[in-house]
Amino acid sequence: MPGPIHITDRERRQALAWNHRLRTDRRTDDVVAIVEDLVGMHSSDPATVYLSLMARMPNPSPEPIDAALYDDRLLLRHHAMRRTLWVFTRATADIAHNSTTRKLASSEERRLAKLVEDNGVATDGLAWIAAAKEDLATAIRHRGPILARDLGASLPEWVVPLSAGPATIAAHTRVLLVMGFEGTIVRTRPVGSWISSQYAWSAMDAWAPGALTHQPVDSAASELVSRYLGAFGPATLDDIVWWTGWTRTQTRAAMEAAGVREVRHDDGSTGHVVDGHSAGKEDASESVSFLPSLDPTTMGWKERSWYLDPDHVPSLFDSNGNAGPTIWVDGRIVGGWAQRPDGEIAFEVLEDVGGYERNLIEVEAERTAAMYGEIRHRCRFPTPMVAQLLA
């Protein structure tokens with residue numbers, strides 16, 4: 001019986017550039033299609049969503065992204081894998097919610113209940129949270145979309161300070177977080193520009209009726225694995241465990257249900273793909289991109305040596321493993337960048353890319369500066385490279 005087929009690192013990079021729309025001929029202004037192709041966009045830093053999408057658009061503009069998020073409501077913000085805030089299509093949000101977020105919501109509520117009890121606010125933390133939820137949900141339904149600060153002003157009895165280690169938080173904001181995990185409320189349009197994270201809350205069934213259903217965890221998990229491998233395959237078991245935040249047992253069961261196939265990588269490790277996997281297309285199409293901090297491509301695998309020289313990791317990632325802004329050429333990371341206070345995009349190339357590619361990098365730096373317009377932004381998870389470029 002023949003063994004697994006061999007997919008080279010070069011083929012993996014070709015597939016990455018194709019599937020993740022890093023090639024010039026793969027750019028599209030259909031922002032929903034981009035999100036679908038990448039499964040989801042990291043939203044811990046709200047600017048990432050816009051910069052990630054605009055990097056993949058031939059006519060980059062925040063307006064189509066705003067429309068998809070807040071007017072047509074085809075995209076939703078929701079916590080899911082690894083407790084990260086994501087932007088998903090409605091269908092993927094539903095899959096992520098059922099495979100991952102429902103379980104996270106229970107643990108978030110228990111953690112908050114203990115915090116309430118430890119701070120002496122109530123002897124029964126869960127009962128206290130239930131009462132707070134009821135009042136907050138009623139206010140949101142009648143007045144939403146509404147900011148957390150305005151909810152606090154109208155319901156001061158729930159604005160109780162909770163000491164959480166070195167920080168003090170307002171209890172109602174943590175209750176809202178739990179309700180967001182549960183999917184009863186959703187983050188909507190923020191105050192200010194597209195780099196703001198001061199979101200207004202709305203009832204989910206008022207903002208996006210029917211977006212989140214209740215389906216079996218197992219079927220949702222197998223579908224999420226299929227979607228991940230369709231975008232990021234081939235990937236190892238460790239990659240999938242890391243990306244989902246699941247246990248190895250749950251991950252293996254989801255992979256089996258998804259019917260994944262094994263392949264062999266250049267380093268001898270076992271990768272996994274789904275039916276229909278393409279190794280990408282090799283031709284003369286340009287593939288140069290400036291991707292922002294926490295871009296889903298940079299953060300898509302635990303093992304990155306096939307697209308990132310390990311020697312570059314200390315410059316391009318912070319001490320917690322968060323990726324900073326990166327420069328990509330032909331499916332690999334070759335450097336990093338940052339926006340300076342005057343709007344200039346400063347960058348450093350860490351590898352010999354050749355004169356032609358260097359010219360394309362300079363063009364892409366100018367294109368990235370134009371995406372920002374008058375917006376000035378410093379990524380929320382600065383890396384040594386960012387600090388160096390801004391010094």
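Reply: Helix 3 (46-55), strand 14 (332-339) and helix 15 (384-390) each supply at least two residues of the largest cavity's lining. Helices (H or I, at least four residues) and strands (E, at least two) are DSSP runs, numbered from the N terminus. The model is predicted: local features need pLDDT of at least 70, side-chain atom pairs count only at pLDDT 80 or more, and totals for chains, interfaces and linings use all residues. Residues are numbered from 1 along each chain as its sequence is written, and side-chain values use heavy atoms, with hydrogens and water left out.

A cavity here is a set of points, on a 1 Å grid over the protein atoms alone, where a 1.4 Å probe fits but cannot get out; lining residues have an atom within 4 Å of a point. In the largest cavity, 16 residues form the lining, and P325, Y372, H377, R378 and C379 lie nearest the centre. That lining comprises ten nonpolar, four polar and two charged residues, where Ala, Val, Leu, Ile, Met, Phe, Trp, Tyr, Cys and Pro count as nonpolar, Asp, Glu, Lys and Arg as charged, and the others, Gly among them, as polar.

The whole structure holds four cavities of 30 Å³ or more.

How values were computed. 1 Å grid on protein atoms, 1.4 Å probe; cavity = no way out; pocket = protein on both sides within 12 Å on 5 of 7 lines; lining within 4 Å. Points joined across faces, edges and corners; volume = space filled by probe spheres on them.
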